[in-house]
Every structure is written in structure tokens, then in C-alpha cells.
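Welcome, and please open the model in your viewer.

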Amino acid sequence: MAVVADHVGVRHLVVTRHALVRQVLTDPVTYRPDNALDAVTPVPVAALRVLAGHRFRLPPTLANNGGASHPGIRAAVADALHPARVDAQRPWLTGLLRRRVARIAATLATGAPVDLHAEVAADLPLLVLARLVDLPDAPVEAVKDFARAALELFWAPLDDHRQLALAAEVGRFHRVLRGFAATGGGLAARLRAAGHSPDVVVGALFFLLVAGQETTSQFLTLLLHRLTAEPAVVADLRRGAVETADVVEEGLRLEPPIVTWRRVAAVDTTLGGTVVPAGTSIVLWLARTGRDRAVVDFPDGFHPGQRGSRRHLAFGAGAHRCVGAHLARMEAGVVVDEVAPLLTGVEVVRPPWYPDNLTFRMPDAFVVRRAGRPVPAQIRPPHA
């Protein structure tokens, strides 16, 4: 553990050890989730006015809700994402991916590069989520732009000009969500029928459209990128020597899309022998816990099925553990089964690039091509 000041001078207690991070996550009385969605960069008055003009509100619903309403809201979302409903989407998702893989394979065979983030990972989780929660038809790019804008607005170091632009984009989409929350079916209708306020319905949908699909998109890209550096694992997959599920779990352990998460101490306490005063902001370094030598034998190597591989905290723990964990695993498993064979004999033209962000890894592209082809200058990494 270490006390670290952020870019605006706020001090946080950073916790990296698996046992201590799990202790915090599973004790919602001592460590509350109230600050989970607080903006890392304080939002200036001008941007707040833009958000207010769109009637933007983000009440406690899921990740930031330590109150009595949390179990009921979570139960409604969990029902929409029930494992049986999720598994029923597998045939449809498999068929969609096989069509895409055939197109990608044909492109690679010509020697042309392919962006696997854009062609595979970017929209798949949103398309599946829309089927599960009965989202209305909306331009995929508009939803993706909104989700990334929200991740940047609340979790990135920003200047006032950028915050103003992001506030306008998030506010506009929030207005669209408000209309759907008032009249939509599926999850929105269930939340309304349970007596939740319009703001709560919008807040739950807001969080789902960010955490329920964007983080999975990120993970799919991270996992495929990692597998290009693990040819032995890909070969073992193709001959059935390793289980797809074990590959997914090692990916979650080593390449989680959510790097950190936050809690706030509700009372004076101690953690691992360190005094923690009430009000202390605690940053839980989830990504580091997956490499804790007390949990896994080979913390830095990609060894599917190794001891402790499934004990990662990529989905958190406790009452706020990710309600979409089964969905993310299903999607990642189908992607590994269908896309991993394409990775044999390819090389990375442009690895993913990640903007500065406290919590989320937000890959922008992942370009591959058949080995031995020249690299076009326009798709080289922007910071190479």
C-alpha cells in the first residue's frame, strides 16, 4: 500500500495485494462505493452547466450504490443478464462471428491488414447487450462514442476545453436515454414496474451501456492482442490441448480492461496494519492483484489452467461484483473459439494504444496482417 497524489493533488491510498483488495471489496460497511463514479478531474462550472442543460443526473444505482435500493436494482439487471438468457445468445453470436471471420480471413489472404478491434471487438458486446435488455435501434457508433466519452469524462485527466466537449456529448446521449427509460420495454420496463424513479432507470441504463459493453470490447481486443504473443497457447487451442475457458480466465487475470476501482473509507479503520482515516479515497489496483505471487505460481506468464488463475478480481468481488461476468465470459469464449485460429501466422502491424485513464484501458485499434508483408505508413502506431 502507498499514498499517492493524483494530477490535481488529491491523495489516495493505493492497494495492490490480492487479499487486501478483496477485503475492501467484500466489506461494504467499512468501505463504501460512494466515490466509484466520481470524476477524477473535477468538472468545471461551464461543463456542469452543459450537463445540467441536458438534465444529466447520475444517482446511486449500481456501482456507486451502497444504499437499500441496490439489491433491487441489481436483481432486475441480473434477471436481464441471467446465465440462461446469455447462453441462448451463443448460437446467434457464433454465426455472426463465423461470417466475420470468413471475411477477415479472405482479406488477410490478400496481404491486406485488418483491424481486429474494429472488425471483431468494438461492436459485438453492444449487439449482444441490445438483444438481452431490449435496447432500441441506435447507431452503433453513436453509442460507442457516448460510452468512450463517459469513460474519459469521469476517469481521465482532462483540461477544461476537453471536459466541455465531453459534457456536451454525454449530455446529448443522456437525453436519448431518458426518452427510452420512460417508454422502453425489457429492462427499462421492469425497473419502472418495480417503482424506481426515472432518474434511477436512466442511471442503470447509463451504467450498463458503459460497463455492460465497452469494457468487454476492450477485453476482447486485449485478449486477442495477448494471444498474438502466445503462439504456443494458440496452437494448443487449435488441437484441443487447453480449454477455451482457461484461456479466457488467464486473459482476465493478465489483461483486465478495468485496471483500478475506488472505494472510500466510511469509518476510521486499519487495513493491512495501515491506519485509514474515515473519508480516505482508496484506489484498488485490480490489475496488479492478478499477478500476486501469493495467488498464482507464474504471475507474469500466460499459463491457462494454472493454480489461482480463476481467483483474479477482474470482475471485482462482494455485493458489487460485476453482474455481467457470465456475459463477458460467454462472449470472450466465442471470440477465442472463432477468431484465435486467424492469429496463426500473423504479425502485429499496429498494437493497441491506450489513452491516460485511471481505471479503463481503451484500445483504439489492433491491426494485424499475414507475416512478411510491408507495413503501410498510415497505420503505424501513433507514438512509435
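A cavity, on a 1 Å grid over the protein atoms alone, is a set of points where a 1.4 Å probe fits but cannot get out, and its lining residues have an atom within 4 Å of a point. This is a predicted model, in which local features need pLDDT of at least 70, side-chain atom pairs count only at pLDDT 80 or more, and totals for chains, interfaces and linings use all residues. Residues are numbered from 1 along each chain as its sequence is written, and side-chain values use heavy atoms, without hydrogens or water.

**First stop: the largest cavity.** The structure has two cavities of 30 Å³ or more. Select Phe-207, Ala-211, Ile-258, Cys-322 and Val-323, which lie nearest the centre of the largest one. About 570 Å³ of space is found there, and 33 residues form the lining.

**Second stop: the second largest cavity.** Its volume is about 70 Å³. Helices here are DSSP runs (H or I, at least four residues), numbered from the N terminus.

**Last stop: helix H14.** Select residues 244–254. Ten of the eleven residues are buried, meaning under 20% relative accessible area (1.4 Å probe, protein chains only). Val-247, Leu-252 and Arg-253 are among them.

Technical notes: Buried < 20%, exposed > 50% of the residue type's maximum accessible area, 1.4 Å probe, protein only. Helix = DSSP H or I, 4+ residues; strand = E, 2+ residues; numbered from the N terminus. 1 Å grid on protein atoms, 1.4 Å probe; cavity = no way out; pocket = protein on both sides within 12 Å on 5 of 7 lines; lining within 4 Å. Points joined across faces, edges and corners; volume = space filled by probe spheres on them.
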